[in-house]
Amino acid sequence: MNAALGQYSLVELEQALASWGFKTSHASRLLRAYYAADGALVDDDLELPHGLREKLQQLPCSPASSPARREVSADGTTKLLLRLGDGRTVESVMMPDYGGQRVAGCISSQVGCAMGCDFCATAKSGFERNLTAAEMVAQFLALRREARAVGRRLQTVVFMGMGEPLLNVEQVLEAVRRIADNRYGGLGWRQVTVSTVGIVPGIDALAATGLAFHLAVSLHAPDDATRAKLLPTGRRFAIQDILAAADRFQARRGRPVTIQYCLLRGVNDSTGHARALAALLGTRRMHVNLLSYNPTGTSLRGVEYQPTPVEDAEAFVAVLRERGLVAHFRRSRGPDIDAACGQLRHREAANA
Ligand code: SF4
């Protein structure tokens with residue numbers, strides 16, 4: 001089986017088969033076998049009409065089919081640097097579920113990023129290009145192989161690596177379909193989360209799809225002034241407009257939106273900020289996911305952000321919970337391997 005199959009949707013493969021003179025009915029069987037093998041070059045046993053196997057073997061291989069670099073943290077977090085067909089690189093991360101047999105995967109949607117979030121390593125390298133659905137699917141399959149190699153199962157996937165997914169929304173949605181749908185990767189819709197820094201039209205576009213994946217919105221501040229210093233997009237979309245779009249998504253999809261909030265020492269992590277965040281969310285049935293910051297050196301604006309001490313993060317969580325919100329604090333993953341978005345790629349480029 002040729003790894004190039006990851007580049008085809010079912011319809012595209014049916015069209016290709018027809019153009020090569022084969023029955024289109026082979027398409028779904030080929031894709032099922034391809035995804036069941038996690039995109040590996042296997043399955044010589046699959047019965048195919050004469051000449052089709054040779055035809056498939058002549059196709060150019062899928063991009064990013066094997067990691068250019070792989071780093072494993074002491075806590076099991078594994079970062080993959082995948083080289084694309086044009087020589088550029090993207091990062092994907094596998095995060096183990098402590099004590100369990102499952103892992104979560106983090107997928108990039110762009111090479112670099114144009115959003116310029118001040119605490120983010122990816123922002124420093126600027127934007128290069130959007131990824132194709134096939135390049136995102138290749139990350140998913142690489143993570144699934146990685147999980148299988150350590151005896152675990154890739155349980156969930158979040159589009160929260162390099163890039164802003166909603167600035168590449170069509171390709172991201174096609175990748176979500178191929179990852180979640182039973183005719184392809186079969187991970188399940190509820191196992192996929194698309195994350196955004198708050199692109200309002202993009203959130204509405206996701207809601208309009210009718211697909212049952214999750215949405216995560218990165219807020220990182222309870223007021224527009226603080227947010228605008230951290231996220232340039234905060235100057236384009238006000239928090240109330242972002243939350244209104246999240247409300248519309250939640251109303252249409254019927255599942256809680258996750259609010260991501262990266263705690264930065266002395267910037268957005270006081271109990272006053274927690275009270276302001278609780279007041280902002282009010283009675284909304286949203287989950288708050290507090291993230292620990294992985295230091296990335298001097299920021300674009302010349303700031304050296306620091307992580308919030310654990311006891312202060314726990315005090316922040318307590319304030320939210322006292323006010324009836326569902327809130328969790330996620331400790332930093334893989335700090336010894338630069339697991340924050342964009343760090344490994346940035347270091348690799350600096351050493352080149
Ligand atoms: S945090 Fe996400 S959206 Fe912001 S610059 Fe980094 S990759 Fe882009």
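Buried here means under 20% relative accessible area, exposed means over 50%, and partly exposed is in between (1.4 Å probe, protein chains only). This is a predicted model, where local features need pLDDT of at least 70, side-chain atom pairs count only at pLDDT 80 or more, and totals for chains, interfaces and linings use all residues. Residues are numbered from 1 along each chain as its sequence is written, and side-chain values use heavy atoms, with hydrogens and water left out.

View 1. Cys-120 counts as buried because its relative accessibility is 17%. Cys-106 is buried too, at 9%. As for disulfides (pairs of cysteine sulfur atoms within 2.5 Å), the whole structure has 0.

**View 2. Around the ligand.** The shell holds 10 residues, and Cys-113, Cys-117, Cys-120, Gly-163 and Val-197 come nearest; a residue is in if one of its heavy atoms lies within 4 Å. By class there are 7 nonpolar, 3 polar and no charged residues. Asp, Glu, Lys and Arg count as charged, Ala, Val, Leu, Ile, Met, Phe, Trp, Tyr, Cys and Pro as nonpolar, and the others, Gly among them, as polar.

**View 3. The largest pocket.** Its volume is about 780 Å³, meaning the space filled by probe spheres set on grid points joined across faces, edges and corners. On a 1 Å grid over the protein atoms alone, a pocket is an open set of points where a 1.4 Å probe fits, with protein on both sides within 12 Å along at least five of seven lines; lining residues have an atom within 4 Å of a point. Among the 27 lining residues, Ala-104, Thr-156, Thr-193, Asn-289 and Arg-330 are closest to the centre. The lining divides into 12 nonpolar, 10 polar and 5 charged residues.
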